[in-house]
Amino acid sequence: MTALSSPYAHNNQSVRKVMLQVQLAALPALLAHIYLFGYGIVIQWLLAVATAIVVEYTLLKLRGRPVLPFMTDMSALITVTGLVFCIPPEAPWWVVVSGSAFALIFGKHLYGGLGYNPFNPAMLGYAFLLISFPVPMTQWTMPGEVVGYTLDFMHSAQVIFMGHFDGNSLDMITGATPLNELRTGLSQGVMVPDTLRAHDSQLPWGLNSWAWINIAFILGGLYMILNGTISWQYPVGFLGALSAMAFIFEQIDPATYPPLSFVLLSGGTMLAAFFIITDPVTASTTPRGKLIYAAGIGVLVYVIRSWGAFPDGIAFAILLMNIAVPLIDQYTQPRVFGHRR
């Protein structure tokens with residue numbers, strides 16, 4: 001049909017196309033995770049996908065919605081993929097199943113489905129797991145650089161479904177993440193430089209496995225920025241605010257506050273910067289609003305990491321800023337073209 005008036009624009013995007021781009025961008029981090037931590041994440045992802053299929057089908061039927069169009073838009077796949085990266089690779093099978101189900105039911109469908117949810121579903125599921133099952137969520141599988149080997153697919157499956165492998169205890173392969181170790185060290189009077197020095201890595205450039213995972217997320221994020229899948233304001237605002245906080249407090253007390261490099265390349269920093277806070281449904285949508293929203297998350301992440309109850313804090317920072325999105329968008333609307341002062 002011929003357009004009757006102008007202007008008209010079309011960016012040739014669709015929900016399925018955007019979600020596919022995000023999934024492809026996560027591939028480098030997935031491969032790096034397998035190489036450094038073993039095959040546990042593959043099993044967790046398969047469990048999450050199976051859960052997503054069951055939950056999506058059931059909830060769409062109960063809501064009287066057409067099943068095929070909504071199940072093939074890949075939005076549920078992106079939700080569970082983001083959640084899987086936050087879960088310890090050898091966590092019990094019921095952790096990822098319950099987290100994925102909670103994310104999709106309470107973070108998506110109860111609000112009316114994709115486009116109506118105010119909270120990021122993946123982070124809502126992650127927060128649910130952190131609060132409900134703190135012990136299995138802190139038993140993170142140590143990377144091969146620490147224990148000297150990584151579990152193969154079958155051994156990972158034994159741990160996930162039975163809690164042990166070949167009679168060996170889970171304690172042999174699990175431990176604290178760098179963020180947890182830093183917090184524990186500070187509580188015991190060990191200063192930041194001593195904690196970081198005790199865990200020097202033999203990997204290239206002296207970076208540990210968690211840092212390399214974050215670098216893999218950066219590569220995927222840059223790919224999405226270049227092809228227009230995500231807006232640059234999100235990672236710039238988030239990483240800029242987080243970097244500013246880290247730089248200021250390290251200058252004030254380097255014995256208590258970690259250096260900028262550690263802050264940026266530990267935990268789920270780059271996962272959040274490029275894959276989580278960029279969710280088009282729950283994030284701010286105005287140009288200035290995107291920067292404010294992302295910067296607010298960066299500040300909250302540093303506050304929670306430094307003085308809060310959780311070592312990482314990304315999930316809670318994002319959920320808190322999700323609440324503020326309507327207000328941010330209201331006060332950052334760009335002026336209409338032709339507006340006079």
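**Figure 1. The salt bridge between Lys108 and Glu56 in the predicted model.** In this predicted model, the side chains of Lys108 and Glu56 form a salt bridge, with N and O separated by 3.2 Å. Lys108 belongs to the loop between helix 6 (93–107) and helix 7 (121–132), whereas Glu56 is part of helix 3 (residues 40–62), so the pair ties together parts that are 52 residues apart in sequence. Both partners are covered: Lys108 is buried at a relative accessible area of 5%, and Glu56 is buried at 2%.

**Figure 2. The salt bridge between Asp312 and Arg305.** Asp312 and Arg305 are joined by a salt bridge in which the closest N and O atoms are 2.9 Å apart. Asp312 counts as buried, with 15% relative accessibility. Arg305 is likewise buried, its relative accessible area being 11%. As background to these charged pairs, the protein carries 14 positive and 15 negative side chains, and the centres of the two sets are 24 Å apart.

Figure 3. Lys290 is located in helix 17 (residues 287–307). When residues up to four places away in sequence are not counted, Lys290 touches Ser231, Gln233, Tyr234, Ser284 and Thr285.

Figure 4. Apart from neighbours within four places in sequence, the residues in contact with Ile292 are Met321, Ile328 and Thr332. The C-alpha atom of Ile292 is separated by 28 Å from that of Leu24, a residue 268 positions away along the chain.

**Figure 5. Helix 5 and the elements that surround its buried residues.** Helix 5 (residues 75–84) is mostly covered, with nine of its ten residues buried. These buried residues are Ser75, Ala76, Ile78, Thr79, Val80, Thr81, Gly82, Leu83 and Val84. Against which helices do the buried residues of helix 5 pack? They pack against helix 1 (15–25), helix 3, helix 6, helix 7 and helix 16 (269–276). Helix 3 is the element that contributes Glu56 to the pair with Lys108.

**Figure 6. Met74 and its backbone angle.** Met74 is found in the loop between helix 4 (67–71) and helix 5. Most residues other than glycine have a negative phi. Met74, although not a glycine, has a positive phi of about 70°. The residue counts as buried, at 18% relative accessibility.

**Figure 7. Gly175 in strand 2.** Gly175 lies in strand 2 (residues 174–175). Its relative accessible area is 24%, and Gly175 is therefore partly exposed. With neighbours within four places in sequence left aside, Gly175 is in contact with Thr138, Gln139, Trp140 and Met142. Thr332, one of the residues in contact with Ile292, lies 157 residues from Gly175 along the chain, and the C-alpha atoms of Gly175 and Thr332 are separated by 44 Å.

**Figure 8. The whole protein as context for the close-up views.** The protein has 18 helices and two strands. Its radius of gyration is 21 Å, close to the 20 Å that the globule rule gives for 341 residues, so the protein is as compact as a globular protein of that length. The C-alpha trace spans about 70 × 50 × 35 Å along the principal axes. Of the 341 residues, 48% count as buried. Among contacts between residues at least 6 apart in sequence, 77% join residues at least 24 apart. The accessible surface comes to about 16,800 Å², and carbon and sulfur atoms account for 67% of this area.

Notes. Residues numbered from 1 in each chain as written. Predicted model: local features only at pLDDT ≥ 70, side-chain atom pairs only at ≥ 80, totals over all residues. Heavy atoms only, no water. Helix = DSSP H or I, 4+ residues; strand = E, 2+ residues; numbered from the N terminus. Rg over C-alpha atoms; globule rule 2.2 N^0.38 Å. Buried < 20%, exposed > 50% of the residue type's maximum accessible area, 1.4 Å probe, protein only. Contact = heavy atoms within 4.5 Å. Areas by Shrake-Rupley, 256 points an atom, 1.4 Å probe, with all protein chains shown as cover. Lys, Arg positive; Asp, Glu negative; His and termini not counted. Charge placed at Lys NZ, Arg CZ, Asp CG, Glu CD. Salt bridge = Lys/Arg side-chain N within 4 Å of Asp/Glu carboxyl O.
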